[in-house]
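Please look through the structure shown here. The paragraphs after it go through a few of its contacts.

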Amino acid sequence: MAPEETSQCIPVSAYGRTMEPDQLLTIPEAIEKLRISRTHFFRLKREGIITDIRLGHRTLIPSREITRLIDERYRPPTPGNAG
């Protein structure tokens, strides 16, 4: 018998970063993944652009929120503007 092949879909954003599906990130981890300041992160959260999950006293950010945000806002450079 041949072993069964299973493929797991790992989200890859247009930015090229990979994250495990349904991974929950702490706020510092989410800030690091996005490479933005803490102030900017909380502004996005306050405006409802990033959605969080509250578990007891902890606030966690689903990795799919980070992937979604990058995919929605990433604009690849146009070929004519290459440096």
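Which residues does Glu65 touch, not counting residues up to four places away in sequence? Glu65 touches Ile49, Ile50 and Thr51, where contact means heavy atoms within 4.5 Å. This is a predicted model, in which local features need pLDDT of at least 70 and side-chain atom pairs count only at pLDDT 80 or more, while totals for chains, interfaces and linings use all residues. Residues are numbered from 1 along each chain as its sequence is written, and side-chain values use heavy atoms, with hydrogens and water left out.

Glu65 lies in helix H3, residues 63–73. Helices are DSSP runs of H or I with at least four residues, numbered from the N terminus. Glu65 has a relative accessibility of 13%, so it counts as buried (under 20% relative accessible area; exposed is over 50%, partly exposed in between, with a 1.4 Å probe and protein chains only). Its side chain makes a polar contact with the side chain of Arg68 at 2.7 Å. A polar contact is a pair of N or O atoms within 3.5 Å; within protein, one must be able to donate a hydrogen and the other to accept it, and residues adjacent in sequence count only if both atoms are side-chain atoms.

Next come two other helices. H1 (residues 27–34) and H2 (residues 38–46) pack at about 105 degrees, their axes 10 Å apart. Axes are lines fitted to C-alpha atoms over the stretch in contact, and angles run from 0 to 180 degrees between N-to-C directions. H1 and H2 are therefore roughly perpendicular, a term for angles of 65 to 115 degrees. Ile27, Ala30, Ile31 and Leu34 in H1 meet Arg38, Phe41 and Phe42 in H2. Phe41, at 0% relative accessibility, is buried, whereas Phe42, at 28%, is partly exposed.

Terms used
Angles under 35 degrees count as roughly parallel, over 145 as roughly antiparallel, 65 to 115 as roughly perpendicular and the rest as oblique.
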